[in-house]
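I opened this entry to keep track of what I looked up, topic by topic. The notes follow the order in which I went through the model.

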Number of protein chains: 2
Amino acid sequence: VTATPLGPGPEFDRIRAIAQALGGAAAGLGDDCAFLPGGWCASTDASIEGIHFRFDWLSAEEIGWRATMAALSDLAAVGAEAEAVLVALAVRPGSPNDLPTRLMIGAGEAANAVGARVVGGDLNAGPTTTLAVTVLGRATRPIRRSGAAPGNELWVTGRLGGARAAWQAWEAGGAPSAEARARFAHPIARIAAGRRLATQATAMIDLSDGLAGDAGHLASASGVRVVVDLDRLPIDPAVTAGDPALAAAAGGEDYELLVALPGQVGERLGPELKTALDLDLTRIGVVDSPSAGEVLFLRLGQPVSLEGFNHFR
Amino acid sequence: VTATPLGPGPEFDRIRAIAQALGGAAAGLGDDCAFLPGGWCASTDASIEGIHFRFDWLSAEEIGWRATMAALSDLAAVGAEAEAVLVALAVRPGSPNDLPTRLMIGAGEAANAVGARVVGGDLNAGPTTTLAVTVLGRATRPIRRSGAAPGNELWVTGRLGGARAAWQAWEAGGAPSAEARARFAHPIARIAAGRRLATQATAMIDLSDGLAGDAGHLASASGVRVVVDLDRLPIDPAVTAGDPALAAAAGGEDYELLVALPGQVGERLGPELKTALDLDLTRIGVVDSPSAGEVLFLRLGQPVSLEGFNHFR
């Protein structure tokens with residue numbers, strides 16, 4: 001009972017198994033948000049200590065901000081306005097007394113930054129500090145992953161690879177540059193950009209897994225082949241190691257938007273986003289034919305293979 | 001910025017601190033649900049391995065059911081219809097491959113049992129198996145904790161203490177009776193009863209912490225003193241140890257409803273609930289005067305002191 005065909009990978013195999021087992025007890029699994037009557041969109045996203053964050057990398061406020069923006073990014077991906085945030089918080093016993101408050105200050109600042117408010121939550125002691133963030137918003141024209149059509153162009157907001165650069169520096173035992181750290185610690189859900197893009201988009205997804213993975217999800221859901229020209233990627237200046245284009249494509253958790261637009265639309269929306277939001281919009285590829293969800297990545301005109309960004313694993 | 005005065009206890013001290021720190025970034029914290037435009041009500045509730053459930057006590061399907069009903073109970077408490085469920089699932093590495101599916105089958109069955117569907121979720125590997133369940137519903141006349149007025153009567157649905165009896169048997173190293181186990185493993189969120197009671201209620205709350213604690217939350221939010229006659233409590237037949245009335249009052253997680261009703265209303269609604277839902281409605285006390293939230297428990301006409309039910313701690 002998935003409305004949306006799901007892409008490849010073990011996570012999607014499991015979601016497929018769940019959707020099949022649930023039958024009529026489920027509806028619409030597999031998109032960035034659930035769509036409810038009245039234009040409401042809802043999504044839930046957990047951030048777990050040791051998987052999505054570490055206390056020696058980020059402050060508690062930054063952890064709360066990042067967890068909340070990661071969830072809000074799913075509203076951006078469907079073109080929704082952000083309205084409300086709920087946080088189910090589990091905090092390890094022995095944590096500082098002010099940890100729940102500091103995490104929630106970060107969550108509140110993130111909500112506030114995109115026009116939403118924290119309206120509820122749940123607080124428990126638990127063995128692993130976890131923030132399960134649910135976001136609610138409204139869209140007048142909600143955009144799914146599934147509408148991309150041959151002839152559309154693929155565009156991406158902002159710059160890619162910054163969050164991964166920070167993560168790689170920490171993992172290597174070093175410290176990221178201030179720029180890379182800021183991209184990891186203070187992502188901005190592209191709510192305002194998503195709403196503008198949604199007026200014209202045929203399909204949209206946020207880059208939480210990274211372009212390498214998320215382009216495949218959009219292609220699968222839409223039943224199309226997409227071609228991405230890696231030479232066109234807008235690379236975050238914080239990306240300094242390896243092949244910058246491959247690093248930018250592999251890097252997840254930048255929370256930028258990948259959007260399919262009819263021809264000529266991007267050329268008009270790009271300057272609009274730059275003026276209104278100081279945000280780049282870059283054409284990186286095309287939707288070229290019906291397909292089960294193939295993604296062709298080109299580097300210097302040659303096909304290359306990429307793997308997604310799987311958190312810390 | 002809490003719309004609702006919060007009751008006593010360390011959890012509420014922390015929620016107060018969070019609400020104060022968030023200021024305008026938060027709204028309406030402290031009731032069973034958040035209230036959103038269009039009559040939507042939302043709540044989130046985490047169930048954590050070792051805190052709320054154990055795999056040697058319940059099957060995976062029962063764990064999913066119980067976690068989902070616990071969250072749905074917050075919709076019942078405001079008189080909302082249940083519409084949609086989202087589950088952020090974290091599963092310990094090394095768990096059986098079918099664990100996510102089995103947990104979600106239970107969640108789907110619980111949603112289905114009250115007319116809702118699973119519309120979204122999130123799946124992660126994490127050190128502690130956790131289900132963070134968000135529920136969304138709609139109410140035409142949402143009932144808060146805060147409207148109880150002197151002269152109202154206090155009524156409670158169903159029978160109390162069954163879940164605690166199961167928990168106590170397990171904690172003592174034994175096995176609960178089949179009746180007690182069923183009350184713990186298969187609670188029913190009182191959605192249908194909540195909707196009927198909401199047509200007349202002045203205040204309502206679900207008994208997740210137990211009557212001893214939740215009566216205080218209702219009293220604090222309403223700014224009243226309530227008097228509960230423990231001799232009147234509807235005691236679950238599964239309660240066999242200790243003073244049954246004290247055990248029933250102390251036991252949480254039965255997910256029954258405590259409701260304040262104007263005089264004479266309960267006498268009419270009681271037979272209606274019995275006929276339509278086969279559910280008892282029992283008068284257990286009164287709202288007698290304005291107060292900061294005092295609760296007077298009487299046992300054989302004498303005041304007694306009770307403590308809340310704090311999960312496994």
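Before listing any lining, I wrote down the term: a cavity is a set of grid points where a 1.4 Å probe fits but cannot get out, and lining residues have an atom within 4 Å of such a point. I also noted that this is a predicted model.

**Entry 1: cavities**

I looked up the cavities of 30 Å³ or more and found three in the structure. The largest cavity holds about 60 Å³ of space. Which residues line the largest cavity? From chain A I listed Ala46(A), Ala88(A), Ala90(A), Thr130(A) and Ala132(A). From chain B I listed Ala46(B), Ile48(B), Ala88(B), Leu89(B), Ala90(B), Thr130(B) and Ala132(B). Sorted by class, this lining has ten nonpolar residues, two polar ones and no charged ones.

I then assigned the lining to strands. At least two residues each come from E3 and E5 of chain A, and likewise from E2 (40-48), E3 (81-91) and E5 (130-138) of chain B. E3(B) gives the largest share, three residues.

**Entry 2: the two chains**

Chain A is superposed on chain B by a rotation of 180° with 0.0 Å of shift along the axis, at an RMSD of 0.0 Å. That is the relation of a two-fold axis. I also compared the interface residues: 100% of those in chain A are interface residues in chain B as well, so the copies meet through the same surface.

**Entry 3: the five-stranded sheet of chain A**

I traced an open sheet of five strands in chain A, in the order E1-E2-E5-E3-E4 and with mixed pairing. Its edge strands are E1 (34-36) and E4 (117-125) of chain A, each pairing on one side only. From one strand to the next the twist averages 20°.

In what sense do E1(A) and E2 (40-48) of chain A pair? The two are antiparallel, over three bridges. Within this pair, Ala34(A) is placed opposite Ala42(A) of E2(A).

Next I noted helix H3 (99-113) of chain A, which packs on this sheet and touches E3 (81-91), E4 and E5 (130-138) of chain A. The direction of H3 makes about 165° with that of E3(A).

**Entry 4: the seven-stranded sheet of chain A**

I found an open sheet of seven strands in chain A, ordered E7-E9-E6-E10-E8-E11-E12, again with mixed pairing. E7 (203-206) and E12 (302-304) of chain A have a single partner strand each, so one side of each is left without a neighbour in the sheet. Direction ignored, neighbouring strands are turned by 30° against each other on average.

I picked out E8 (224-229) and E11 (295-299) of chain A, which pair in the parallel sense over four bridges. Val227(A) has Leu296(A) in E11(A) as its bridge partner.

Two helices went into the notes here. Helix H7 (211-222) of chain A packs on the sheet, touching E6 (153-157), E7, E8, E9, E10 (281-290) and E11 of chain A. The direction of H7 makes about 150° with that of E7(A). Helix H2 (60-77) of chain A lies across E7 and E9 (257-261) of chain A, and runs at about 170° to E7(A).

Definitions and conventions
Residues numbered from 1 in each chain as written. Chains lettered and ligands numbered in written order. Predicted model: local features only at pLDDT ≥ 70, side-chain atom pairs only at ≥ 80, totals over all residues. Heavy atoms only, no water. Pairing = 2+ DSSP bridges. Axes fitted to C-alpha atoms, helices over the stretch in contact; angles between N-to-C directions. Contact = heavy atoms within 4.5 Å. 1 Å grid on protein atoms, 1.4 Å probe; cavity = no way out; pocket = protein on both sides within 12 Å on 5 of 7 lines; lining within 4 Å. Points joined across faces, edges and corners; volume = space filled by probe spheres on them. Nonpolar A, V, L, I, M, F, W, Y, C, P; charged D, E, K, R; others polar. Least-squares fit on C-alpha atoms with pLDDT ≥ 70 in both.
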